[in-house]
Each structure stands twice: as C-alpha cells, then as structure tokens.
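Q: I have a model open and would like to learn how to read its features one by one. Where do we begin?

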Amino acid sequence: MLRPINFIKIDIEGAELLALMGAKMILQEDRPLILAEVNPVQLQKVSGCTANEFIMFLQSLQYRCYLLGEDGIEAVSYTHLVHILYFAVYTA
C-alpha cells in the first residue's frame, strides 16, 4: 500500500463506522481528509450506532466535522442529526 494516505471518500450505506474503525491506524498515522455521506437510518441498521456516535468517533481521533452544503462548508457538532454529507479535517 502506498503511504501516506491523503484522502478517503466513503459512502458504503451505513458501514462507514465499521470501515473507519478498521482504518483507525491509518487515520491516526496519516491524518487523511475524509469525505463521507452519513445516512443515520442505515448507520444504525448496519453499524449499530447513531450519527452522533459516528461523529464522536472521528472527534476522538482529533478530527473536526464540517457540513458540506449549498452555502459552502460549516462546522457541525455531534448533535447534528440530519442526513448529512460532511468533511472531517484533522485539527492540530
């Protein structure tokens, strides 16, 4: 595998948390930017977690989550419960 990994785009119908947990070492070592679609219903069904828990997992790895919308990018808190597309960026 070529390293470092700089960017991860993920949309796997609710298995996002499972995949990123499996990639935890890469997230901690390479600090890639992450673009993910989050569907709260599928996330609960497949990964057994809420959107809050998914975002909190990334925050525990020092990522900051942002909503991508028509008006650009805005910060998202872990209480944001809508079907979101977000961008997680490592914060120093």
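**Reading the model**

A: Strands β1 and β2 pair in the parallel sense, over four bridges. Two strands pair if DSSP finds at least two bridges between them. Within this pair, I8 stands opposite I34 in β2. This is a predicted model in which local features need pLDDT of at least 70 and side-chain atom pairs count only at pLDDT 80 or more, while totals for chains, interfaces and linings use all residues. Residues are numbered from 1 along each chain as its sequence is written, and side-chain values use heavy atoms, with hydrogens and water left out.

Q: Which residues of β1 are on the covered face, and which are on the uncovered one?
A: In a regular strand the side chains alternate between the two faces of the sheet. In β1, I8 and I10 form the covered face, and F7 and K9 the uncovered one.

Q: What pattern does the protein follow along the sequence?
A: Helices (H or I, at least four residues) and strands (E, at least two) are DSSP runs, numbered from the N terminus. The protein has four helices and five strands, in the pattern β-α-α-β-α-α-β-β-β.

Q: What share of the residues in the protein is buried?
A: Buried means under 20% relative accessible area, exposed over 50%, and partly exposed in between (1.4 Å probe, protein chains only). Of the 92 residues in the protein, 38% are buried.

Q: Which residues have the most contacts inside the largest nonpolar core?
A: In soluble globular proteins, nonpolar side chains tend to be buried together. A nonpolar core is a set of buried Ala, Val, Leu, Ile, Met, Phe, Trp, Tyr and Cys residues joined through side-chain atoms within 4.5 Å. The largest one here has 16 residues, and L20, L27, I34, F54 and L58 have the most contacts inside it. At least two residues of this core come from each of β1, α1, β2 and α4 (51-60). The largest share, four residues, is supplied by α4.

Q: How much of the contact total links residues 24 or more positions apart?
A: Contact means heavy atoms within 4.5 Å. Among contacts in the protein with a separation of 6 or more, 65% are between residues 24 or more positions apart.

Q: Which residues other than glycine have a positive phi?
A: E13 is one of them, with phi of about 50°; E13 is in the loop between β1 and α1 and is partly exposed, with a relative accessible area of 47%. R31 is another, with phi near 55°. R31 lies in the loop between α2 (24-30) and β2 (33-38) and is partly exposed at 24% relative accessible area.

Q: Where is the peptide bond cis?
A: The bond from R3 to P4 is cis, with omega near 0°. P4 is in the segment before β1 (7-10).

Q: What does the side chain of N39 reach at the start of helix α3?
A: A side-chain oxygen of N39 comes to within 3.1 Å of the backbone nitrogen of V41, at the start of α3 (residues 40-47).

Q: Which elements have the lowest and the highest mean pLDDT?
A: pLDDT is the predictor's confidence in each residue, from 0 to 100. The lowest mean among the elements, 49, belongs to strand β5 (residues 84-90), and the highest, 95, to helix α1 (residues 16-22). For the protein, the mean is 79, and 72% of residues reach 70 or more. Over residues 78-85 pLDDT stays under 50, and the model has 26 contacts beyond four places in sequence for them.

Key: A polar contact is a pair of N or O atoms within 3.5 Å; within protein, one must be able to donate a hydrogen and the other to accept it, and residues adjacent in sequence count only if both atoms are side-chain atoms.
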